Structures are given as structure tokens and as C-alpha cells.
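Please view the sequence and the model first, and then read the points below.

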Amino acid sequence: MEKIDPVDFRPEKVAPLRVDPPGSLTSMPSPTKLHHLHIFSDENYDSMVDFYQRLFNAEIVRVNPNGLTFITYDDHDHRVVIIKRPGAMKKPENFIGVSHQAYCYSSLGELIYVYKRMKEWGYKPIWTVNHGNSTSFYYNDPDGNQVETMLDNFTPSETKEYKRYYQWSEEFSALGDPTFDPDKMVELYENGVPDSVLLDHTEVCKLIKRGEL
Ligand SMILES: [Fe+2]
């Protein structure tokens, strides 16, 4: 095999997305996107890498021998890093800190596809729910960190208004956060029930009441 010279992979020059001349920014910028998460692990390090590689249909960009695995699912160099921390303490039951990470998908079909593959690989969701604003499948990674795969049920601006004014209104609260059966969701979806029904909070509540979801 031809020997790789690491220096060949250093770009000739830096190429930032944008250059702002000094003084040209006049208001506080917001981030463009969430770039990556670092997750500490210990004895479950390998299964943590396996979980995220499978869940994200991801690519491992770099494994450092001192216990860092850089995982990505798009054109960025890393989205999740699993870091080995020998002897680190587990989070207590009732902890303060990040509760879960959520990843949005493009369609209900994608969420269902992910659900079916994850189930085949032995990863079952811990909660499947129509929150009103979103349809969400929650998983636990091997260390017990919660990961949500989700889809907004409306356009982003509609979802924002829905949350701001409708969600937790009296009418909404009467229906609540309905937990659905993911296998029944798959069945309905595959039998041709349209997304417009399967993502609709009110329709989902009705289907659950009838034992169909
Ligand atoms: Fe969430």
C-alpha cells in the first residue's frame, strides 16, 4: 500500500466561509448551526460508537488511539465525538444538565425507516410521542443519554406560532402529549394513511383512543 504523507492533506491555504472586515458587524451574531457534541464514555465506548454510527448512518472520520472517535453524518468533519474517560462517574438518576439531544429528519417516512432499522439492531425507542409541534421518537444510547429523532409537524414559522400561542392552551392541554405505538404507526403508514393524518395531534389522539395507534 502506498504510504500516506499526512502533510498532503493539509489544505494549501485557509478558506473561511466568510470574512467580515473589522467594524462591519454592527449587531450581536447568532450561531448558524449546532456543530457537534462531545460525549464522555467509558466501558460502553465501543457500543456508543456503534450506536451513533448506526443511528446517523454515519462515517467515522478519525479514531485517535487515546480514545476519541470523530463521527459525522454530513460534510462537516465531526458532529459527535465519543471520548473515552476511564473511571469517569456515571450521571446520577436525577441530574442537572443536558436532558437530551434532538435531530430533525425530513419526513415521517425517514423517522419510520430509522425506527425500523434501529429496532432490527436492538435499539428500541423509550418514548414515541406526538408533542403537537413535533412527532418524536426518543432513544437511549448505551450510556443512557437521551437522543430524540423528530420532525416538526408544521413549517418552522407555523411551529413557532403554534408553540407560542396554542401549545398548552386549554384546548391543547385537554388532549395532552399522546404516546403512540411505533409499530402501529409503521402499520398505518405502510397501509397508506397519509402523513397529514399521522402527524396531526388531534388525529393522533383520536387514533390512539380507538386503539389504532
Ligand atoms: Fe426535544
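Among the contacts in the protein chain with a separation of 6 or more, 60% are accounted for by residues 24 or more positions apart. These values are computed from a predicted model. The protein chain has 7 helices and 8 strands, and its domain assignment gives domain 1 (33-87) and domain 2 (100-213).

**Overall dimensions and surface**

- Taken along the principal axes, the box filled by the C-alpha atoms of the protein chain is roughly 65 × 50 × 40 Å.
- The protein chain consists of 213 residues, of which 34% count as buried.

- The centres of domain 1 and domain 2, taken over C-alpha atoms, are separated by 26 Å.
- Contacts link the two domains: 16 residues of domain 1 are in contact with 15 residues of domain 2.

**The largest nonpolar core**

- In soluble globular proteins, nonpolar side chains tend to be buried together.
- In this protein chain, the largest nonpolar core has 34 residues, and those with the most contacts inside it are F51, Y52, L55, F56 and I82.
- Two or more residues of this core come from each of the helices α1 (45-55), α2 (108-120), α5 (182-190) and α7 (201-209), and likewise from each of the strands β4 (80-84), β7 (134-140) and β8 (146-152).
- Domain 1 (33-87) and domain 2 (100-213) each provide at least three residues to this core.
- L55, one of the residues with the most contacts inside the core, is in contact with Y105, V114, M118, V147 and T149, leaving aside its neighbours within four places in sequence.

**The setting of T159**

- T159 is located in helix α3, which covers residues 156-166.
- Is T159 buried or exposed? T159 is buried, because its relative accessible area is 7%, whereas the cut-off for a buried residue is under 20%.
- Not counting residues up to four places away in sequence, T159 touches N133, D152 and F154.

How values were computed. Residues numbered from 1 in each chain as written. Predicted model: local features only at pLDDT ≥ 70, side-chain atom pairs only at ≥ 80, totals over all residues. Heavy atoms only, no water. Helix = DSSP H or I, 4+ residues; strand = E, 2+ residues; numbered from the N terminus. Buried < 20%, exposed > 50% of the residue type's maximum accessible area, 1.4 Å probe, protein only. Contact = heavy atoms within 4.5 Å. Core = buried A, V, L, I, M, F, W, Y, C linked by side-chain atoms within 4.5 Å. Domains from an automatic or database assignment.
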